[in-house]
Amino acid sequence: MISHEENELLVRVGPGTPMGELMRRFWLPALLETELPDADGKPVRITLLGEKLVAFRDTLGRIGLLDEHCPHRRASLALGVNEDCGLRCLYHGWKFDVNGQCLDTPAEPSGATLAKRMRTTAYPTHVAGGMIWAYMGPAEAKPPFPDFPWLRMDEGHSVPFKILEDCNYAQAVEGTVDSAHAGVLHRESPWTHDAKYPHEKDLRPKLEIDFTNYGLRYGAIREMDDDTLHARVTQVMLPFWTLIPPDGGRAPVDRRDRRLVNAFVPRDDTSTWHIQWFFDEGRQIDVAYRIDEGGHWHDEDFRKTVNIDNWYEQDRAMMKTENLSGIRGILTQDHAVSETQGPILDRTKEHLGRSDVAVVAWRRLMLRAARALAKGEAPAAASAAIDWDKVTSETFVFPKTTTWKEELPLPETLRAELSTVA
């Protein structure tokens with residue numbers, strides 16, 4: 001349980017809020033590259049961290065991300081004409097380039113210099129891994145772009161997905177910083193039937209935290225039938241990333257060595273862009289399989305078609321014969337429990353247990369980082385020189401004579417004491 005004041009600090013992400021300012025110190029995945037396929041094509045409206053923005057690809061293929069509203073009379077630039085290296089407002093014709101510089105004010109008197117003096121908010125962008133990224137913080141604090149390994153894999157071996165989650169980002173993150181729920185929510189058999197997988201057979205994993213200079217990692221340790229232990233090691237990178245381990249050798253081939261990374265990018269205080277990459281160095285991602293497995297069914301605005309309005313199409317008969325939740329799609333199952341907590345979870349009413357230690361650790365890191373930034377201490381996790389190839393999630397079995405940290409040691413360069421986490 002945390003206080004009302006701490007909960008407000010954790011969940012509010014708009015301009016000027018401590019958590020919002022922390023988020024703005026990191027590069028944020030914002031749009032799928034396929035959303036802006038063509039030069040001089042249709043602009044796209046997007047909300048990030050409570051700010052209404054418009055993205056467009058100009059004549060030269062450069063990507064602009066501007067305040068949606070024209071600084072003249074505040075009409076939406078998303079209605080505008082995209083041509084000749086700029087976006088022209090439909091209201092009075094003011095035109096802006098990808099850097100936010102006004103190029104033309106055709107309704108002003110001949111010889112007027114207003115255009116030269118006029119700029120609108122424009123955020124730097126970067127394209128990588130099939131996504132368009134944005135940096136929304138102070139220019140002088142812009143960190144290097146993170147060299148995540150899934151962003152530089154061969155085509156087809158890493159595939160991005162995007163979908164809207166109708167709740168605050170923090171409860172979305174906490175849904176994946178929680179190995180204990182996997183054996184219940186995602187159980188692939190009814191409660192009264194035999195469990196299939198180790199995480200379904202042992203519902204009381206021992207969770208152990210290892211703090212790092214980018215956030216934390218934790219091991220979920222379960223008893224096996226023999227004299228061994230089963231470990232699932234999940235990485236949690238500030239501010240909203242979770243790197244989920246593969247299912248291991250007993251899983252179906254499409255899930256055996258495939259990893260998943262989640263980014264829960266706040267759209268505003270009550271909704272989240274849930275962005276995922278599935279990646280596997282050894283085989284190409286089966287996109288159709290993944291859509292069906294996860295439940296990535298959405299409309300043109302990326303809202304789930306199986307959602308809270310139709311109660312996630314929960315099938316009570318299925319709960320007795322097929323899976324525990326009666327809901328199809330792993331992602332849909334996760335969203336169902338996060339969204340039904342409410343748009344913003346009231347954490348003052350929680351009653352936490354031993355299975356929540358990783359959730360508590362993540363909250364403390366985020367609160368500490370936001371408070372530190374408010375006092376002028378920039379988050380080292382945003383700019384630390386991190387070898388992301390060494391940040392890996394794993395599933396493995398190991399003897400009781402050793403520990404998961406010995407089996408998967410944390411490199412010295414990633415230890416928290418070498419660089420403050422926040």
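**Arg 290 in helix α8**

Let's start with Arg 290, which sits in helix α8, a stretch covering residues 287–294. Keep in mind that this is a predicted model. Is Arg 290 buried or exposed? With a relative accessible area of 3%, Arg 290 counts as buried, because the cut-off for that label is under 20%.

So who are its neighbours? Leaving aside residues up to four places away in sequence, Arg 290 touches Phe 161, Arg 258, Gln 276, Phe 278, Gly 295, His 296 and Leu 331.

**A three-stranded sheet**

Next up is an open sheet of three strands, running in the order β1-β10-β9 with antiparallel pairing. The edges belong to β1 (27–32) and β9 (125–128); each has a single partner strand, so one side of each lacks a neighbour in the sheet. On average, neighbouring strands here are turned by 35° against each other, ignoring direction.

Zooming in on one pair, β1 and β10 (residues 131–135) are joined by five bridges in the antiparallel sense. Which residue of β10 is the bridge partner of Leu 28? That would be Ala 134.

**Helix α4 and its cap**

Helix α4 spans residues 169–176, and seven of its eight residues are buried, so the helix is largely enclosed by the rest of the structure. The buried set is Tyr 169, Ala 170, Gln 171, Ala 172, Val 173, Glu 174 and Thr 176.

The N-terminal end of α4 has a cap, provided by Asn 168. Here a side-chain oxygen of Asn 168 lies 2.9 Å from the backbone nitrogen of Ala 170, and Ala 170 is itself one of the buried residues of α4.

Technical notes: Residues are numbered from 1 along each chain as its sequence is written. This is a predicted model: local features need pLDDT of at least 70, side-chain atom pairs count only at pLDDT 80 or more; totals for chains, interfaces and linings use all residues. Side-chain values use heavy atoms; hydrogens and water are left out. Helices (H or I, at least four residues) and strands (E, at least two) are DSSP runs, numbered from the N terminus. Buried means under 20% relative accessible area, exposed over 50%, partly exposed in between (1.4 Å probe, protein chains only). Contact means heavy atoms within 4.5 Å. Two strands pair if DSSP finds at least two bridges between them. Axes are lines fitted to C-alpha atoms, for helices over the stretch in contact, and angles run from 0 to 180 degrees between N-to-C directions. A polar contact is a pair of N or O atoms within 3.5 Å; within protein, one must be able to donate a hydrogen and the other to accept it, and residues adjacent in sequence count only if both atoms are side-chain atoms.
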